[in-house]
Amino acid sequence: MSSPFSPRRKQEYLQYAQEYKPNREDIKYLRVLLYGPVGAGRSSFINSASNVLRGRMTSPALVCDAVASQNFTRKYETHKFIKGRGSSKTFYPLVFNDIMGMEDGTNRGIHPDDIKLALRGHVKEGYKFNPVAPLTQDDPGYNPSPSADDKVHVLVCVMSANSSLIKSSVLEKMKSIRETASDLGIPQMLIMTHIDAACNETWKDLRNVYKSKYLRKKMKDFSSAVGIPMNCIFPVKNYSEEINLNDDIDALILSALRKMVDFGDDFIERI
């Protein structure tokens, strides 16, 4: 993978994401659905993407303590990014949907069937997930006739580089979701978070990310475990303790955003 750290490339990717617009009148937003185990950093990635696009520190998605092992996101929520200021304020045509995290065992974490319904656009905004009982057609949170705008255009798995082995029950849930996405033709990619906490070389200098043997092995392990090719796995560091923007953090996030837009736009053109 070519380095995303050059100032010219960073500016090119930023401009690309900021100027993107779906080439379909019936689709206002390119919709990205984030899923993965509890604590992988989905909400933090949404905040980080918002920081990069808006050019300042923001907080559109509430985030739990990093050491918490319980689900923090419980509702189906669309995160939009504000573009401009004042009376000229609009939204970027790229939105993220965050969902409840996946957990080991039955009746814990989001039910895989809920994610499959979300892929097809059947989950209404604000629906509260129930690990014991997935959404049904009789529920008020069910959208019986989703538009092309309601459907998911890119499915992104978020995994932590600092995590231990993924539980087999979680892998089975993920496999079933990936198969549904594949049947629907929805493009898939993986964001690998917490690369600084997982690797001392990267903690010292984020630009060592592609030189790290540990992180490369972790990417290969994730690729084998979840079935996503290496060239669709993007290492990132989310904003967490920082109070100002950082060019190297931005560069990795923009590299991932660029691919999301490319994949999503290709899918939109096909449907």
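In this predicted model, the accessible surface of the protein chain amounts to about 13300 Å², and carbon and sulfur atoms contribute 47% of that area. Turning from the surface to the interior, 53% of the 271 residues in the protein chain count as buried.

The fold of the protein chain is built from eight helices and eight strands. Its radius of gyration is 18 Å, close to the 18 Å that the globule rule gives for 271 residues, so the protein chain is as compact as a globular protein of that length. Along the principal axes, the C-alpha atoms fill a box of roughly 50 × 45 × 35 Å. Of the contacts in the protein chain with a separation of 6 or more, 70% join residues 24 or more positions apart.

Of the 13 residues of α2, 12 are buried, so the helix is largely enclosed by the rest of the structure. With buried meaning under 20% relative accessible area, the buried set in α2 comprises R42, S43, S44, F45, I46, N47, S48, A49, S50, N51, V52 and L53. Following α2 comes G55, which has a positive phi near 70 degrees.

Note on methods:
Residues numbered from 1 in each chain as written. Predicted model: local features only at pLDDT ≥ 70, side-chain atom pairs only at ≥ 80, totals over all residues. Heavy atoms only, no water. Helix = DSSP H or I, 4+ residues; strand = E, 2+ residues; numbered from the N terminus. Rg over C-alpha atoms; globule rule 2.2 N^0.38 Å. Buried < 20%, exposed > 50% of the residue type's maximum accessible area, 1.4 Å probe, protein only. Contact = heavy atoms within 4.5 Å. Areas by Shrake-Rupley, 256 points an atom, 1.4 Å probe, with all protein chains shown as cover.
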